[in-house]
Amino acid sequence: MLIALELAGFKSFADKTRFDFPDGITVIVGPNGSGKSNVVDAIKWVLGAQSAKALRGKDMIDVIFKGSSGSGRKAANSAEATLVFDNTGKQLAIDSEEVHVTRRVYRSGEGEYLINNQACRLKDIRDLFRGTGVGVDAYSLIEQGKVDRMLQASPKDRRVIFEEAAGISRFNAKKAEAARRLLRVDQNMIRLKDIVDEVLKRLNSLKNQATKAQRYREMTSRLAEIRLQLGWTEYSQLLAQTQQAATKLEELQAERDRKSAELSEVRAAAQQAEMDLHRVAEACQTVEAALQDALQRIAVSQNQQSSLRLRLEENQEEQVRVQGRLAILRRRLETLQDEFDTLTEQQQQAQEVYDAARESSRQSRLAKC
Ligand code: ATP
């Protein structure tokens with residue numbers, strides 16, 4: 001069934017190399033170190049070998065061509081190997097005449113598997129070849145020293161090889177897979193039973209909650225209705241209040257206009273009053289100046305009054321003194337008056353005497369005449 005092996009960058013096969021295996025090919029011959037084992041490694045690698053050691057390397061990326069000092073060729077960035085199988089007999093469960101199985105690995109360590117150039121999992125490749133004798137652990141690849149190991153293998157290990165050769169390993173694997181699935185189903189059933197018990201336990205609680213939820217929904221709906229009615233009532237009231245407020249606003253605006261006019265008048269009056277006040281203030285200043293002047297004059301007058309009072313006191317004292325002297329003089333005058341009266345009386349008497357004397361003298365002269 002193996003038609004060809006294609007290698008590129010795999011171990012010593014730096015260039016793309018194709019090995020065709022037409023009918024009759026039974027062996028590859030070459031000198032030591034020419035790369036015969038690398039061909040077997042490539043077949044094992046494509047079929048999913050996971051051990052770098054089994055591929056005679058330390059790491060999986062050791063399969064990538066690492067350059068050659070002899071030819072001066074640089075190392076490759078990736079390694080690729082493809083097995084081409086004849087599938088005209090449809091032994092492999094794929095609807096194509098040829099099946100190409102590819103594995104690639106890059107220096108970054110990333111790798112991939114492909115079946116007929118479609119990316120796939122390693123499991124898909126293993127499933128594809130199960131029961132055909134093709135596989136890393138199957139009997140189709142018998143390396144150096146493996147014959148001995150097979151002959152010395154335990155009956156159990158040997159049975160695996162015979163089962164693979166008989167083609168029943170595929171069914172064994174399916175059986176094992178089915179048993180695993182059945183086990184999982186049993187475990188799932190147990191878990192489901194637990195879940196059902198738990199769900200049944202919670203069912204009553206959920207029923208109660210559902211009743212409460214139903215009640216809550218009804219109450220919520222009722223609440224929404226009441227809220228709507230309340231909202232409508234409040235809306236109507238607010239509308240009425242808004243209209244009242246609008247009327248009140250108009251009145252207040254009119255009142256404000258009136259007050260504004262009054263305010264203008266009052267401002268004008270205030271301005272006038274201010275001017276008057278200014279005038280009065282000026283008058284006050286004049287009066288104050290006059291007052292200051294008057295106060296000064298009053299102070300002068302008070303000084304004069306003090307000196308006059310002093311002089312008055314002096315005059316009063318003088319008056320007292322004069323009055324004393326006047327009393328004395330009055331008394332003297334009275335005395336003098338008395339004396340005068342006496343003298344006047346004496347004068348009159350003297351006059352009378354004189355007159356009498358004169359009369360007597362005249363009469364004497366007349367008498368002599
Ligand atoms: P023998 O008959 O001695 O077993 P052989 O023909 O099987 O030899 P291999 O062991 O397949 O030869 O090949 C060994 C050669 O492959 C060596 O020359 C080695 O340098 C070369 N080789 C192995 N890995 C790489 C690699 N990653 N890059 C380049 N060359 C490699």
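View 1. D41 sits in helix α1, residues 36-46 (helices are DSSP runs of H or I with at least four residues, strands are E runs of at least two, and both are numbered from the N terminus). This is a predicted model, where local features need pLDDT of at least 70 and side-chain atom pairs count only at pLDDT 80 or more, while totals for chains, interfaces and linings use all residues. Residues are numbered from 1 along each chain as its sequence is written, and side-chain values use heavy atoms, with hydrogens and water left out. D41 counts as buried, at 4% relative accessibility (buried is under 20% relative accessible area, exposed over 50%, partly exposed in between, with a 1.4 Å probe and protein chains only). The side chains of D41 and K11 make a polar contact of 2.9 Å (a pair of N or O atoms within 3.5 Å; within protein, one must be able to donate a hydrogen and the other to accept it, and residues adjacent in sequence count only if both atoms are side-chain atoms).

View 2. Look at the backbone here: a polar backbone atom of G33 is 2.8 Å from a ligand oxygen. For K36, a backbone N or O atom is 3.0 Å from an oxygen atom of the ligand. Taken alone, the ligand exposes 640 Å², and the protein buries 69% of that (Shrake-Rupley areas with a 1.4 Å probe; for residues, only the protein chains shown count as cover).

View 3. V185, M189, L192, I195 and V199 make a nonpolar surface patch of about 450 Å² (patch residues have over 30% relative accessible area and no salt bridge; like charges are joined within 9 Å, nonpolar side chains, meaning Val, Leu, Ile, Met, Phe, Trp and Tyr, within 5 Å; a salt bridge puts a side-chain nitrogen of Lys or Arg within 4 Å of a carboxyl oxygen of Asp or Glu). L192 belongs to helix α5, residues 169-368, and is partly exposed at 46% relative accessible area.

**View 4. K90 in the β3-β4 loop.** K90 lies in the loop between β3 (78-86) and β4 (98-106). K90 isn't a glycine, yet has a positive phi of about 55 degrees.
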